[in-house]
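Thanks for coming. I will show the structure first, then go through a few parts of it in turn.

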Amino acid sequence: MATYFGEVLSVYSRAVEEDEYDDLEDENEEDVQIRREIEEKREVQVRWCPEVSKTLESSGQLQCSNMIIAVGPSAAGFVSAYVLSAEGWTQVGWVSLWNERSRGSSRPDTVPQPGEPSFIIYQQNSSPSVLICQCTCYIAEDQLFQCAEKVLSSVQRRGLNVTVLSDSTLAEYKTPDYLNGSGTPFLRALKTSSYTGSMLCPLLEQPNIVTGLPAAVLSHCQVQRIPAVLFQCYTDVLHPDSVTMETYKPALSCLSTSVKLEACPSVEVLQKLTQISDAQSNLYT
Amino acid sequence: MFVSSEDSTPSFKGFTLILPAVSVGNVGQLAADLIISTLNMPRVGHFHTDCLVPMAGNNPYSGGGGSGGGAEQLSTNAEVYSHSDLRLAVLQIRTPVLQTKVKSFRKLLVSWIKSSGFSRTVLLSSSHAHHRDDQQLHGTALRYLLSPALQDAEKSLKELGWTELERVCAFPGINDSEKRLYIPGGGVTKGLYTDCCTECVPLAVVLLFCSEGDNVPDTFTLTNHLNDWLHLLEKTPQGSTPWRVPSSWRLLFGSGIPPLLF
């Protein structure tokens with residue numbers, strides 16, 4: 001498109017890709033084969049430890065009363081510092097997937113290393129019907145639906161309650177009054193129609209929306225009529241930080257009978273989780 | 001696939017279905033929002049599919065009447081709303097179609113339309129305004145297309161003075177006789193139209209040439225134009241149509257401005 005000053009700018013749309021979808025119509029066998037291979041490579045797999053695999057083989061689905069899914073570095077950090085350190089949890093499974101940003105699964109059958117971006121599933125030792133999922137890896141748009149479906153289909157729908165904890169940046173929060181950061185970090189909630197619990201924080205106001213894995217999980221729960229609640233934490237810090245992690249505490253208070261929370265995690269634990277964001281060196285040091 | 005919100009599946013037999021194409025300016029989707037919001041259409045189900053990017057939020061039509069659900073009704077990326085008196089259903093699509101799933105999505109739509117028994121389907125769409133040729137730059141920016149199964153609507157559309165979308169030369173300058181359909185920026189419009197022609201599905205495409213920007217005026221243009229045909233709303237004595245803007249249209253261009261900026 002030519003502008004007033006004579007230079008030519010490319011015009012793009014926020015809604016659609018510029019290329020017409022026509023190219024997909026003229027595919028030959030080789031294209032179809034390549035497309036199928038890429039699809040297989042991008043498939044999401046839920047892997048379980050041997051004991052759980054045996055249970056699944058006999059009964060088909062795990063019995064689960066509460067599933068907590070933490071998405072994002074601060075949410076995952078909160079789970080590590082406040083929940084997993086409080087009492088006995090065992091790692092029982094993980095989700096292996098490959099995409100351009102998460103290439104971890106060159107060894108899809110091995111458990112991800114600690115510190116590697118991953119999606120790990122923990123089971124509470126004292127009460128095996130409570131599961132926690134910690135997701136720190138990038139899940140591509142085309143894998144979100146599959147991931148949510150496969151994880152939630154491994155557990156029985158009856159009696160299941162799902163809680164999702166998710167990080168978001170303050171920049172994404174739309175409000176008529178400018179937020180100068182004094183109230184951050186804060187929580188907002190979304191719930192499915194079948195969720196009957198009390199709300200511990202305000203609901204997410206229109207026109208704000210939620211995307212990514214939390215949205216995929218919530219949509220699945222809404223359609224399957226599973227009671228589910230999502231707590232989205234808006235923070236102005238890009239890296240995992242202890243203040244943001246602490247903000248999630250009220251979100252699990254209603255599960256206090258099933259999930260024990262560490263009231264005050266040690267400084268060492270918190271430091272280890274937030275250390276990744278320290279600058280190794282910069283131009284000025 | 002369609003999942004009902006209630007325990008029983010609603011019947012859409014003989015209904016008119018309006019659905020948007022995710023296209024330039026999101027005009028079709030904004031138009032669907034206007035229709036659902038103004039007619040207070042309750043949600044009757046979700047269109048649950050892996051072909052669309054996932055999204056969730058609270059009821060976009062709440063505040064000022066709502067549409068059956070309260071502010072806390074969870075909304076997903078594709079939902080079906082219904083108005084039994086008008087025998088109208090609207091499938092609202094809120095997120096883009098995944099590139100690799102475009103064909104599957106079209107197939108899914110066609111099969112749902114056929115199995116639900118809709119008497120006609122109206123696809124609201126848009127196309128890049130900068131691709132118009134010299135002829136198209138004159139006159140109205142609105143166009144229509146009809147699949148062969150809905151050809152009998154042509155008379156009423158011609159009486160309204162509507163213009164059919166022109167076909168363009170497949171090889172401009174070389175061979176002017178071969179024409180093809182060209183809808184740049186229209187998303188699945190061309191593909192869905194072609195599929196509906198092949199599958200004998202009665203489909204009307206109502207399309208607006210526009211560009212990205214503040215597309216709210218374009219939305220009103222498209223919905224008023226559609227209303228001239230479908231008579232969804234009565235016009236006021238002053239001649240305007242009383243569309244109601246949904247609460248989700250607030251802050252389309254971002255949050256409030258920091259006062260310190262000035």
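Let me begin with a helix in chain B. The buried residues of helix 1 of chain B are B:V27, B:G28, B:Q29, B:L30, B:A31, B:A32, B:D33, B:L34, B:I35, B:I36, B:S37 and B:T38. That is 12 of its 12 residues, so the helix is mostly covered, with buried taken as under 20% relative accessible area.

Keep in mind that this is a predicted model. I will come to the confidence values at the end.

What covers helix 1 of chain B? The cover on its buried residues includes strand 2 (16–20), strand 6 (78–83), strand 7 (88–93), strand 8 (120–128), strand 12 (203–210) and helix 5 (216–230), which belong to chain B.

Helix 1 of chain B covers residues 27–38, and at 1.5 Å a residue its 12 residues should span 16 Å; the end C-alpha atoms are 16 Å apart, so the two agree. Just after the helix, B:N40 takes a positive phi of about 55°.

Next, the interface. Here 54 residues of chain B are in contact with 44 residues of chain A. Between them the two chains bury about 4200 Å², and carbon and sulfur atoms give 57% of that area.

How many salt bridges are there between chain B and chain A? The count is one. B:D7 forms a salt bridge with A:R225, and the closest N and O atoms are 3.0 Å apart. Polar contacts between chain B and chain A come to 13 residue pairs, with both residues at pLDDT 80 or more. On the side of chain B that touches chain A, the elements giving two or more residues are strand 1 (2–4), strand 3 (43–47), strand 4 (55–58), strand 5 (74–76) and helix 2 (102–116) of chain B. Strand 4 of chain B gives the most, with four residues.

Now one residue in chain A. A:S74 lies in helix 3 of chain A, residues 73–84. Is A:S74 buried or exposed? Its relative accessibility is 3%, below the 20% cut-off, so A:S74 counts as buried. Beyond its neighbours within four places in sequence, A:S74 is in contact with A:D167, A:H239, A:P240, A:D241, A:T244, A:M245 and A:Y248.

Last, confidence. Chain A averages a pLDDT of 85, and 89% of its residues score at least 70. Where pLDDT is low, predicted coordinates should not be read in detail.

How values were computed. Residues numbered from 1 in each chain as written. Chains lettered and ligands numbered in written order. Predicted model: local features only at pLDDT ≥ 70, side-chain atom pairs only at ≥ 80, totals over all residues. Heavy atoms only, no water. pLDDT = per-residue confidence, 0-100. Expected span 1.5 Å × (residues − 1). Buried < 20%, exposed > 50% of the residue type's maximum accessible area, 1.4 Å probe, protein only. Contact = heavy atoms within 4.5 Å. Buried area = accessible area lost by both parts, 1.4 Å probe. Salt bridge = Lys/Arg side-chain N within 4 Å of Asp/Glu carboxyl O. Polar contact = N/O pair within 3.5 Å; in protein donor to acceptor, adjacent residues only side chain to side chain.
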